[in-house]
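Please read the following briefing alongside the sequence and the coordinates.

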Amino acid sequence: MKDNSSATVQVRPPVPPGAQPQTGLWWGLLGVAAFSFTVPFTRVAVEGLDPLFIGSGRAVIAAGLAGAALALTRQRLHRPRTWARLALVAGGVVVGFPLLTSYALTAVPAGHGAVVIALLPAATATAAVLRTGERPPLAFWLVTGLGSLAALGFAFLQSGGIGHLHWADLLLLGAVACAAVGYAEGGLLAREVGSWQTIAWALVLAAPLMLALAAVSAAAQPQATPVQWAAFAYLAVVSMFLGFFAWYRGLAVGPIAQVSQVQLLQPVMSICWAALLLGEALTWSTALGGLAVIACAGAAVRVRLNSPAS
């Protein structure tokens, strides 16, 4: 009997009844839409708040929400091996990515910061291949490579060219690596413990460290405006918590390597939000680059994996 929901056969909990091959993509797109505000709103927040406080404080607030959700739904504690995997997720998406991007965006505009998002699809797909055994065909990787190049090209061009790279870009590259590992491992765990439960347990696990960092940085906070606090609140509630409900759900339905390509749309969205909300320049080159990224993303998610299910 054929199963058309995936092109590779894997032992995993069944996809919810009625789920179609496109289900994972739609959940992934919803998560990406939520995450697309992260870079612009981080840029707003760092104008009035310490980057260490932003990176850690948003995780503390999200951990409080996560702990309440886990308690209300009476979720069970997991085995030690599961906690080790949750630590990998927490290190990537709760600790590494927020802190590194917060510091990077003190030195570069939101449009430049979108380069970290442009690299994520290829990095996540690579992490998924190494970790899960998903094996996309050559055509998939070719389109993925073209999409990543297009996203990088227009993000760098919008920010002034490759010659303008500096220390902030090293932080952005580190953030890419952290998020890719956290996304891939989180997508696997979501199949076992649930989509929202994955990020919730990861947040709770990282809470003691992030609370200590937030306490250290809170004493030196400058006077932030209501808009900057509102941006911080979005980062805590949506970017750090609710967005992962949809994103890990999409990765759980999978395949991870395909769903991760929806991220190619994120730099386009982020730069558009930066133009609309922050007044950053939106040029013809950005428009052309955005169209190229969307075209490659659409092609990537339609490429079937290498063998039919049986």
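How many salt bridges does the count come to? The count comes to 4 salt bridges, where a salt bridge is a side-chain nitrogen of Lys or Arg within 4 Å of a carboxyl oxygen of Asp or Glu. The model is predicted, so that local features need pLDDT of at least 70 and side-chain atom pairs count only at pLDDT 80 or more, while totals for chains, interfaces and linings use all residues. Residues are numbered from 1 along each chain as its sequence is written, and side-chain values use heavy atoms, with hydrogens and water left out.

**Charged pairs**

- Glutamate 192 and arginine 85 form a salt bridge through their side chains, at 3.1 Å from N to O. Because glutamate 192 lies in helix α8 (residues 167-193) and arginine 85 in helix α4 (residues 80-104), the pair ties together parts that are 107 residues apart in sequence.
- Arginine 85 counts as buried at 8% relative accessibility, whereas glutamate 192, at 45%, counts as partly exposed; here buried means under 20% relative accessible area, exposed over 50%, and partly exposed in between (1.4 Å probe, protein chains only).
- A salt bridge also joins the side chains of glutamate 185 and arginine 131, at 2.8 Å from N to O, and this pair links distant parts of the chain, with glutamate 185 in helix α8 and arginine 131 in helix α6 (residues 115-132), 54 residues apart.
- Through salt bridges that share partners, Arg85, Arg131, Glu185 and Glu192 are joined into one network. Within it, glutamate 185 is buried at 4% relative accessibility, and arginine 131 is partly exposed at 36%.
- Arginine 43 and glutamate 47 meet in a salt bridge of 3.7 Å, N to O, and glutamate 47 counts as exposed at 53% relative accessibility.

**Fold and surface**

- The protein chain has 13 helices and 0 strands, helices (H or I, at least four residues) and strands (E, at least two) being DSSP runs numbered from the N terminus.
- Of the 310 residues of the protein chain, 55% count as buried, and its accessible surface comes to about 13200 Å², of which 70% belongs to carbon and sulfur atoms, with areas from the Shrake-Rupley method and a 1.4 Å probe, and only the protein chains shown counting as cover for residues.
- Among contacts with a separation of 6 or more, 92% are between residues 24 or more positions apart, a contact meaning heavy atoms within 4.5 Å.
- Helix α2 (residues 38-45) is mostly covered, with 8 of its 8 residues buried, including Arg43 and Ala45.

**Nonpolar packing**

- A nonpolar core is a set of buried Ala, Val, Leu, Ile, Met, Phe, Trp, Tyr and Cys residues joined through side-chain atoms within 4.5 Å. The largest has 53 residues, of which Val93, Val94, Tyr183, Leu203, Phe244, Trp247 and Tyr248 touch the most other members.
- At least two residues of this core come from each of α1 (23-35), α3 (51-72), α4, α6, α8, α9 (195-218), α10 (226-253) and α11 (256-259).

- A search of the whole structure finds 1 cavity of 30 Å³ or more, and the largest cavity has a volume of about 110 Å³. On a 1 Å grid over the protein atoms alone, a cavity is a set of points where a 1.4 Å probe fits but cannot get out, and lining residues have an atom within 4 Å of a point.
- Of the 13 residues lining the largest cavity, Phe35, Thr38, Phe97, Tyr183 and Ser239 are the closest to its centre.

How values were computed
1 Å grid on protein atoms, 1.4 Å probe; cavity = no way out; pocket = protein on both sides within 12 Å on 5 of 7 lines; lining within 4 Å. Points joined across faces, edges and corners; volume = space filled by probe spheres on them.
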